[in-house]
Amino acid sequence: MTHQHIAALCKRFGAHLINVTDTAIHVAVVEHPAQELLDALRFSTQKQVDIECWSAERMEKQQRPQEAAPLQEEGIQVVDWVNQTLNEALARRASDIHFEPGEERYQVRLRIDGVLHPAAVAPARLASTITARLKVLGNLDIAERRVPQDGQFSIMLGEQKVSFRISTLPCRHGEKVVLRLQHQGKQHIDAEALGMSASQLGLFRHTLTQPQGLVLVTGPTGSGKTMTLYSALGERNQPNVNICSVEDPIELPLHGLNQTQIHPKAGLTFQAILRALLRQDPDIIMVGEIRDGETAEIAINAAQTGHLVLSTLHTNSTTETLVRLEQMGVARWMLASALKLVVAQRLVRRLCPHCRSLNPEPVLLAKSTWPRPLPDWKENGCERCYAGFYGRIALFEMLHITPELSRQIVAGASASEIETLAHQQGMKSLFDHGLRAVEEGRTTLDEVYRVLGMPHDE
């Protein structure tokens with residue numbers, strides 16, 4: 001077995017080949033080596049196998065593409081190449097994998113902590129073969145190349161079962177494929193771990209104890225809305241509470257919840273399932289997303305008739321949510337009577353505490369934006385992190401519908417007027433929460449600007 005084949009075998013099982021000598025093979029792993037890897041190495045070589053235990057951060061850095069051996073065209077096995085790419089994405093904590101055909105090469109990019117980074121490269125001539133392999137995994141039509149397709153699949157990577165969503169799209173040089181890694185069967189995140197301030201967490205938990213009403217979590221795709229909803233459900237997941245959900249898809253199976261996935265071709269739409277759930281004696285209903293006026297109306301009616309309803313909406317701010325629902329045809333008086341809390345959120349990259357440094361001069365913003373000097377953090381990068389960041393933290397803005405705000409909504413107040421009143425009542429904006437995270441050394445000002453824009457854009 002050649003050095004290249006041994007390296008590929010190790011990578012397939014999340015390990016890293018350090019060196020091969022005349023008498024031994026030196027391999028690094030995180031925690032314990034996969035038994036299949038040990039068996040394969042011992043079967044293919046008579047050399048001694050020496051194992052080193054590395055941290056996950058060190059392994060992640062070692063397996064970055066610029067440090068990997070270039071992919072060789074000769075004798076490439078597409079199945080192995082795809083598996084290696086999926087393993088690399090898993091090891092580097094990627095949320096999405098982009099397979100992109102080009103004129104001169106086939107490029108893979110990984111979205112890590114919300115930012116795309118180049119990864120594996122293959123010859124352009126292999127584009128159709130790689131796409132076919134990915135379609136086979138996703139049970140899609142290999143022969144259909146003219147229209148987009150989507151699906152789901154689960155495979156074993158090493159000793160771990162990993163689930164993906166797959167989406168294909170015809171483009172200039174073939175078909176682009178994007179895989180999204182699903183949550184890997186972990187239990188819900190406790191609400192305290194979401195990153196809310198003490199006052200925000202208190203308001204969030206208090207609202208979840210209400211017998212009825214509508215709670216909405218808003219933000220763009222990939223801002224962590226679903227995890228916030230699951231955390232909310234976890235807060236109320238007790239034997240004496242009947243929790244039902246309708247989702248597309250079910251991203252995190254939770255014990256104790258009655259979860260239903262939509263299937264439009266079979267007539268299982270959000271609206272159809274939601275109507276059926278109302279006949280299932282629910283206490284709490286979670287609607288994965290409000291996408292149209294009909295779903296919004298059913299959800300609000302449920303929130304007015306003795307149910308706590310949780311859902312998500314794609315809007316940029318808490319007050320914009322009121323405008324969007326009104327555009328969907330929801331009457332203001334219905335909104336005012338049903339809506340209890342709107343949570344807007346974003347994700348920013350978390351500074352690595354091991355290698356961050358502080359520039360000597362603080363940053364001074366306009367007094368109306370932030371009254372104190374802000375520390376000017378610098379991300380440096382080390383073996384424990386990726387480009388100075390490791391993971392992400394959430395920023396929150398919470399619009400609590402008080403009696404006064406409810407009256408203003410019914411009276412037809414504009415979004416800006418409601419926002420002004422909410423700030424007077426103590427609501428902190430996303431930008432305020434972001435600057436507090438900078439002050440606490442959890443992220444950088446540039447990262448807040450990247451996600452939220454400059455202050456005048458707020």
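Asp281 counts as exposed, at 64% relative accessibility (exposed is over 50% relative accessible area, buried under 20%, partly exposed in between, with a 1.4 Å probe and protein chains only). Its phi is near 50°, a positive value in a residue other than glycine. Asp281 sits in the loop between α8 (270-277) and β13 (284-287). Helices (H or I, at least four residues) and strands (E, at least two) are DSSP runs, numbered from the N terminus.

The model is predicted: local features need pLDDT of at least 70, side-chain atom pairs count only at pLDDT 80 or more, and totals for chains, interfaces and linings use all residues. Residues are numbered from 1 along each chain as its sequence is written, and side-chain values use heavy atoms, with hydrogens and water left out.

Most residues other than glycine have a negative phi, and most peptide bonds are trans. At 41% relative accessibility, Ala387 counts as partly exposed. The peptide bond from Asp248 to Pro249 is cis, with omega near -10°. Pro249 belongs to the loop between β11 (243-247) and β12 (258-261).

Helix α5 spans residues 127-137. Its buried residues are Ala127, Ile130, Thr131, Leu134, Lys135 and Leu137. Seen down the axis of α5, these residues fall within an arc of 155°, so they line one face of the helix. The arc is that of the directions from the helix axis to the C-beta atoms.

The chain holds 15 helices and 18 strands. Its radius of gyration is 25 Å, close to the 23 Å that the globule rule gives for 458 residues, so the chain is as compact as a globular protein of that length. The radius is taken over C-alpha atoms, and the rule is 2.2 Å times the number of residues to the power 0.38. Along the principal axes, the C-alpha atoms fill a box of roughly 80 × 60 × 50 Å. Of the 458 residues, 47% count as buried. Among contacts (heavy atoms within 4.5 Å) with a separation of 6 or more, residues 24 or more positions apart account for 62%.
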